[in-house]
Each structure stands twice: as structure tokens, then as C-alpha cells.
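Reader: I have a model on my screen and would like to learn how to read it. Could you take me through it feature by feature?

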Amino acid sequence: MVRVKVVAPGGLGAELGITPGTDLLAINGRPLDDFLDWEFLSADDAFVLLARHPTGETVEYDIERPEDLPFGLELDPPHIRRCANRCDFCFVDGLPEGLRENLYVRDDDYRLSFRYGNFATLTNLKPRDVARILEYRLSPLYVSVHVTDTVLRRRYLRNPRAPDVMEQLRAFAAAGIRFHTQIVLQPGVNDGPVLERSLTDLWSLGACVLSVSVVPVGLTAHSKLQLVREPTRDECRAAIAIVHRFAEQAEVERGHRWVHGSDDLYLVADEPLPPASWYGDFEQVENGVGSVRYLQLRIAASEAPLPRLDGQRIAVLTGTAMGRLMGQVTAPLAERTGAVFEVVGLTNPLFGPSVTTAALLPGRAFQAALTDRGDLTLALLPAESVNDEGRFMDDLTVEELARSVPCAIRLSYDFGDALVAGRSG
Ligand code: SF4
């Protein structure tokens, strides 16, 4: 059963009299378990829907979908599938107390992998899940492979029952399913020859593996530091050398580079980022792969004319990782607008200095940095540091932050959005 949360006015659902709180029970006699069942089974032009209204009344609707009329139903969020692994570096283990509640959920859900591009290990799939992936052809899936050797992978995931990921990928690939994959590098565990073997195995699967990202493990001050450590500069350099070798082979043989290191890998290695053209279609930009180059491209390609902001002082707040690279991004903005840009790389007070990504900065880090900054016209904050409800990691809201600091603040994905918005606001 799936429950309706919101009914859009003017949609087919509203026309049928479906209201928030209605339970959608079955389509053509098949029970509905989650949003996937609903979306795939209701995609036909005609079907019978069994629903139970909040009054308790059960109604059977014989539906013929008019063209161009969406159902307009938003469903309650699904129950998240929990992770069956216990990786030494698990982000959830490294969380201090008192953060947003959903951050403590150790999710590993193939449905969210398909829908939102969340990475899943596929270690908790039941036969019914496999059947659904095949029936609905959930593709592409985002898969945390980490290491292809089953013995090593079980040790890596701390899950003695983890299935053979190569077998899983082969079976899904035979049904036409494709994958974006990631390898989170733990030094001495899945780097060096193990990384080479994993890339060789993934390459052998052919075109079904659309991309591979290689990401250095990120730890917090609360991680199990007695069990796992971050890679050194030289270890990241060695990983980059392997990645580039495979990427060049892929470029020659398949016309695209296929495997990429994350921006963090280059940062720790203290090596320059490859040019934008290296990243092809930026398939894993959400995973921190090519983020800086992507941002630069977006700013350069933006057709919206940037306003003149002469005399304004604008701070760009970000994590220490991007802070080191952000000057490359703000220099052309300063030229185009006349504003003075100041990049402020913030150390993460919750997780410690080793966590350098902007997305994990708590609201109070921004608050502390801006408390005495009445000299600023505007402070731009990374939009990825808040959730859909506008809350930072530590539950502070954007509104609360705005009320507590002496300068205007604005969330921004690519600066151009916030600077153009700033003209009227
Ligand atoms: S797969 Fe590993 S890192 Fe991811 S949630 Fe599970 S235990 Fe944590």
C-alpha cells in the first residue's frame, strides 16, 4: 500500500476525488508496495485502481488516462532499505550527536539508486528486489563496487554474506541494465594492484558500466580511526596514475574516458585538476567528480547577463577543499561584475578539519564566520549544504541564520544564479 501525501489541483487524481491520506492498494489486482509499483503500473493507458479513502471507504476506479493529464499525486516517502554492511569508514558511524535525524539512517536502497542516483552496494537485495529491478528495468543504477574481488569486498564491507558483485552486475547487464559505479579508496585495502584488478574487471563487463569514479575515503574526527585512515598525497598520486592509464585506454578503445578521479583525489595528491574536456558528460559531478570544472563551465555558459556590482564586497563561503580552488572560479566573476570576491574556506567544527566538503558544513560554521562581517554586501553559501527544507546539518535553518548575521546571505549553486537574483532582491 502507498499513501497519498499531496494531491495537485487539476490533475487526474483530484478529478477522481483522491485526497491526501488515501491509500493506493492495487493496480489490476497487483498490490502496490512503493512508489516504483505505483509509477510503473500506473503508466499504462488503462487500468483498474483499488484505493481506500481516509473515511475507510474502498473504491475501485476504472481508469482510462486522458493524454497530457498527469495524476498529480505525491506519495508519502518510502521506508528506506537499511544497509547490511559495517564499513570501517561509514559516514553514519562518524556522526556526532544532535544532527538532523535522517542523517543517522544507514540507507542502502536500490530504489533510491535508480530514482535519485544514491549509491547502493546491492548487498541487501532479496530475490523479489532482483525480480523488480529486472521487470521494471531500473537503469541506470548507481553501484558502490569498491572492490570486485568477493573475499576482499566482504572484508571491506564487513559483511561476510555480501554476494559476488560481478555476478550481480553481469546478470543485470544481461537484461540491459547499466551502471554508474564508484570505488571509495581505502589505502592498503583496495588501492594499488587491487584497484587495477577492480578496474580491469569492470572494464571487462563492457558498455554496461557507464562510468567509474575513484574517490579517496573521507573520515571525520568521530570515525573508527584505529581501523581506517585517509590516503596520503603519494597514495593519491599513485591512484591518479592508475586512473589515467585506464582512462586513456578507454578513450582509445571506446571514445570516452570512463573512469575519473574525484576532485578530492587531486586535492590530496596536490596535483592540478584535469581540464573540463577530460570529464566528458560530467556523469558523476554529484559525486564530486569534476565539480570545479563543471562550475566554471556553467558560469562561462550562463546566458543571463551578470549585473554590475561595482564597490560590493561578496564573500563566497565553502569548505576548505573547494576553498583552495575557488579563486579560479571567482576571478572571472570579479571581472564581469566589478565586485570584490573573498573566498572563505571554513573548517568543519562538527567533524573536524579532515572533512573538507561544503555539503557537510553545519549552519553554525557559517554563523561564526559571518557574525562580525557587517562589511559584506552579500555572502554566498553553498546550496548543497542545506536539505529540501532549508536546514543545515545541525538543524539550523537558512532563515535563522539570516536573522543572526549582519549581512545578506543567499544560497547558490553556481554564483550566477544568486548574483542575478540579487539584482532585484
Ligand atoms: S555501505 Fe558502508 S558506508 Fe554505506 S551506509 Fe553501509 S556501512 Fe555505511
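Reader: What should I know about the model before starting?

Author: It is a predicted model, where local features need pLDDT of at least 70, side-chain atom pairs count only at pLDDT 80 or more, and totals for chains, interfaces and linings use all residues. Residues are numbered from 1 along each chain as its sequence is written, and side-chain values use heavy atoms, with hydrogens and water left out.

Reader: How do I read a sheet, and what is the strand order in the one that holds β7?

Author: Strands of a sheet pair through backbone hydrogen bonds, either parallel or antiparallel. Two strands pair if DSSP finds at least two bridges between them. Helices (H or I, at least four residues) and strands (E, at least two) are DSSP runs, numbered from the N terminus. Here four strands form an open sheet, in the order β7-β8-β9-β10, and the pairing is parallel. The edge strands are β7 (141-144) and β10 (259-261), each pairing on one side only. From one strand to the next, the twist averages 20°. Angles run from 0 to 180 degrees between N-to-C directions; axes are lines fitted to C-alpha atoms, for helices over the stretch in contact.

Reader: How many bridges join β8 to β9?

Author: Seven bridges join β8 (residues 179-185) to β9 (residues 209-216), and the two run parallel. Contact means heavy atoms within 4.5 Å.

Reader: How does the chain get from β13 to β14?

Author: A crossover is right-handed if, with the strands pointing away from the viewer, the path from the first strand over the helix to the second runs clockwise. β13 (residues 378-382) and β14 (residues 408-412) pair in the parallel sense over five bridges. The chain passes from β13 through helix α14 (residues 398-404) to β14, a right-handed β-α-β crossover.

Reader: At what angle do α10 and α12 pack?

Author: Angles under 35 degrees count as roughly parallel, over 145 as roughly antiparallel, 65 to 115 as roughly perpendicular and the rest as oblique. α10 (residues 291-301) and α12 (residues 326-337) pack at about 10°, with axes 9 Å apart. That angle is why α10 counts as roughly parallel to α12. Among the contact residues are Val292 and Ile299 of α10 and Val329 and Leu333 of α12.

Reader: Which residues surround the ligand?

Author: Cys83, Asn85, Arg86, Cys87, Phe89, Cys90, Arg106 and Thr121 surround it, by a cut-off of one heavy atom within 4 Å.

Reader: What is there to see in the backbone?

Author: Most residues other than glycine have a negative phi, and most peptide bonds are trans. Aspartate 68 has a positive phi, near 65°, and lies in the loop between β5 (58-64) and β6 (73-75). The peptide bond from serine 139 to proline 140 is cis, with omega near 0°. Proline 140 is in the loop between α4 (127-136) and β7.
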